[in-house]
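Subject: Structure handover

Hello,

Here is the structure I promised to pass on. Please open it beside this note and follow along.

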Amino acid sequence: MAKLGFLGLGIMGGPMALHLIEAGHQVALWSFSKEKVEALAAKGGISCATPAEVARKSDCIFLCVGNTEMSRKAILGKDGLAETAAKGTIIVDCSTVSPSASRGIAAELAEKGIAFLDAPCTGSKGGAEAGTLTFMVGGPQDVFEKVRPYFEAMGKQLYYCGGAGMGLHAKLSQNMILGNLLQAFNESLILSTKAGVDPEMMLDILNNSAAKSGLISIKAPLVFARDFTTNFSVKWLEKDMELMLESAAELNVPAPLTALSRQLFRAAIAKGYGEEDICGSIRVMEDIAGCTVASNSKTQQT
């Protein structure tokens, strides 16, 4: 039984922490939501009032929070992990944050004798709940090998990507494709639907062509059913695309498609869709085109 910690118990973090508890580890817990902490404490976790308290009880600490500032604050801020973490402690940040900021955090922790990995994950809500996430890891390889058994309680695919920040670069590159692909799907399905092609037939055509996409195969039926229940929210994908553009600027890589896609996700947030699933972003272009992409019984044109 390892002495672990987990910060951030949202859609992703909650199930991830539960898998560690169910694997038989001692898991100290903290979240911005006390209710989420208490719910997992009832299943065998240890409730803590601050990240610093988690660090006092843990040898290895995972966190999965919403953005760069939240991550920095939980690790380096007042009552943060670094205040009480002992030398030799390992901190693993599974959040999707700025690679350059993450490297800065790693350097500050190294001065205190604390090891750090950036380990963003993909697989969305379903993967977190099933324990089938994919982790992309940056940082010292020997530290990664020490943490490997804990990753394996939460996921099935582990990629060691290199030094500090490299896991984040891999994750953002994947999400860059995801975000741009989703906008291409939105445009295409609205166009074909408005022209008169049955949306479900169009999806079948896509699934049997070179344009086949696992993302679209999953998201299209939800769009047809008008089910925008959150698995991965618009606001978090828009945040990730901002990080992609920041990294592109730092590395002098042009990213024109990503810049436009980000603006469309920002438009979805402005329309009030930010908390809903990314597939709900299609409503921005639907409103412009005067066409709703849905099953035959629900398809509308205005």
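Contact here means heavy atoms within 4.5 Å. This is a predicted model: local features need pLDDT of at least 70, side-chain atom pairs count only at pLDDT 80 or more, and totals for chains, interfaces and linings use all residues. Residues are numbered from 1 along each chain as its sequence is written, and side-chain values use heavy atoms, with hydrogens and water left out.

**I190 and E286**

Start with I190. Leaving aside neighbours within four places in sequence, I190 is in contact with I282, M285, E286, A289, C291 and V293. I190 is found in helix α9 (residues 166-195). Helices (H or I, at least four residues) and strands (E, at least two) are DSSP runs, numbered from the N terminus. I190 is buried, at a relative accessible area of 5%. Buried means under 20% relative accessible area, exposed means over 50%, and partly exposed is in between (1.4 Å probe, protein chains only). For a sense of scale, take A82: I190 and A82 are 108 residues apart in sequence and 50 Å apart in space, C-alpha to C-alpha.

Now E286. This residue sits in helix α14 (residues 282-289). Is E286 buried or exposed? E286 has a relative accessible area of 4%, so it counts as buried. Its contacts, again leaving aside neighbours within four places in sequence, are I190, R226, C291, T292 and V293. With R226 there is also a polar contact, side chain to side chain, at 2.7 Å. A polar contact is a pair of N or O atoms within 3.5 Å; within protein, one must be able to donate a hydrogen and the other to accept it, and residues adjacent in sequence count only if both atoms are side-chain atoms.

**Strands**

Next, strand β4 (residues 60-63). C60 and F62 point one way, I61 and L63 the other way, and all are buried. In a regular strand the side chains alternate between the two faces of the sheet. Strand β1 (residues 3-7) runs parallel to β4, joined by four bridges. Two strands pair if DSSP finds at least two bridges between them. L7 stands opposite L63 in β4. Strand β5 (residues 90-93) also pairs with β4 in the parallel sense, over four bridges. There, I61 has I91 in β5 as its bridge partner.

Then look at strand β8 (residues 133-138). Why is β8 described as largely enclosed by the rest of the structure? Because six of its six residues are buried. L133, F135 and V137 are on one side, with T134, M136 and G138 on the other, and both faces are covered. Strand β7 (residues 121-122) pairs with β8 in the antiparallel sense over two bridges. T122 stands opposite T134 there. Strand β9 (residues 155-162) runs parallel to β8, with six bridges between them. In that pairing, T134 stands opposite Q157.

**Salt bridges**

How many salt bridges does a search of the whole structure find? The search finds 11. A salt bridge is a side-chain nitrogen of Lys or Arg within 4 Å of a carboxyl oxygen of Asp or Glu. Side chains of opposite charge can pair when their charged atoms come close.

Here are some of the pairs.

- R148 and E145: the closest N and O atoms are 3.0 Å apart. Both lie in helix α8 (residues 141-154), three residues apart, about one turn of the helix. R148 is partly exposed at 28%, and E145 is partly exposed at 38%.
- E242 and R262: the closest N and O atoms are 3.8 Å apart. This pair links distant parts of the chain, with E242 in helix α12 (residues 234-250) and R262 in helix α13 (residues 256-270), 20 residues apart. E242 is partly exposed at 30%, whereas R262 is buried at 16%.
- E276 and R283: the closest N and O atoms are 2.3 Å apart. E276 is partly exposed at 28%, whereas R283 is buried at 14%.

There is a network too: salt bridges that share partners join E238, E242 and R262.

Best wishes
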